Amino acid sequence: VSGSFSGFVREEIARTRLMHRHSTAGNYATALRSLLAFHGKKDISFAEVDSRLIDAYGEWLRRRGICKDTLSCYMRSLRAVYNKAVEQGLTEQKEPFGNVFTGISRTRKRSIEKADINKLRAVQVKPGSFMQLVRDVFLFCFYACGMPFVDVAFLKKSQIKGGILVYHRRKTDQVVQIKLEPCMQEIVDRYNIPGSPYLLPIIARPGMDERKQYINASHRINRYLKAIGKELGLSVPLTHYVARHSWASAARSKNIPI
């Protein structure tokens, strides 16, 4: 079978971006850059992608000090695209990723306890400050059944109907319905900005490169969250992703089915 695996990855990156799955496209692009840096050439053919290449690439990553979870992320991204190529008949299935780690390290705790959530609720923040927005965004993600930050950022006022919040998950396009609880309504009311279609002011200038605003806000909010977490003495570095894991852990502890 002839053809370029790297070329197919580039096409898949473009297709994924057209579907507005920018995070996934970014993961594919980062993994491809890394694999090409190891390979030393601009292109990799399908014939070259076998267990020997991938095993050697994994060892190269380890020698460069790449952590286990980052290595796993690269491998999962490359495997996902490779399997799509197999499905399309562009190459035979040679199971090149069979020997490499593609899980998530179990030693990495990414959730906080109910007591920590209460500490966040009680933390003193200046009304109207960015720090207040940071705290409220984290709590909203948690209250909304661990809603991903990207979905919170692009939530619109029109998506609340009869006390129910309805949205499509950007990653999977799954429709999710959540009852707007009083704790969520309190946050929504605090940021009811006239003229803005958005529920929360994460996209502060609607219509102006909203994707860039989202990325910048994500980085900035995580930076402030880590500062809050340190101030509160939390054992886990606080990010908006921790809210999702924390809700899942809390739900599981209440025997809520997965």
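These legends accompany views of a predicted model.

**View 1. Fold of the chain.** The secondary structure comprises ten helices and three strands. Read along the sequence, the order is α-α-α-α-α-α-α-β-β-β-α-α-α. The C-alpha trace spans about 60 × 40 × 35 Å along its principal axes. Of the contacts between residues at least 6 apart in sequence, 58% link residues at least 24 apart.

**View 2. Surface and burial of the chain.** The chain has 258 residues, and 42% of them are buried. Its accessible surface comes to about 14600 Å². Carbon and sulfur atoms account for 52% of that area.

**View 3. Charged side chains.** The chain carries 43 positive and 22 negative side chains. The centres of these two sets lie 5 Å apart.

**View 4. Val49 in its loop.** Val49 sits in the loop between helix H2 (22-39) and helix H3 (51-63). Is Val49 buried or exposed? Its relative accessibility is 1%, so Val49 counts as buried; the cut-off for buried is under 20%.

**View 5. Contacts of Val49.** Which residues does Val49 touch, leaving aside its neighbours within four places in sequence? The contacts are Phe5, Ile44, Tyr82, Lys94 and Pro96.

**View 6. Val49 and Glu95.** In sequence, 46 residues separate Val49 and Glu95. In space, their C-alpha atoms are 9.4 Å apart. Lys94 and Pro96 are among the residues in contact with Val49.

Terms used
Residues numbered from 1 in each chain as written. Predicted model: local features only at pLDDT ≥ 70, side-chain atom pairs only at ≥ 80, totals over all residues. Heavy atoms only, no water. Helix = DSSP H or I, 4+ residues; strand = E, 2+ residues; numbered from the N terminus. Buried < 20%, exposed > 50% of the residue type's maximum accessible area, 1.4 Å probe, protein only. Contact = heavy atoms within 4.5 Å. Areas by Shrake-Rupley, 256 points an atom, 1.4 Å probe, with all protein chains shown as cover. Lys, Arg positive; Asp, Glu negative; His and termini not counted. Charge placed at Lys NZ, Arg CZ, Asp CG, Glu CD.
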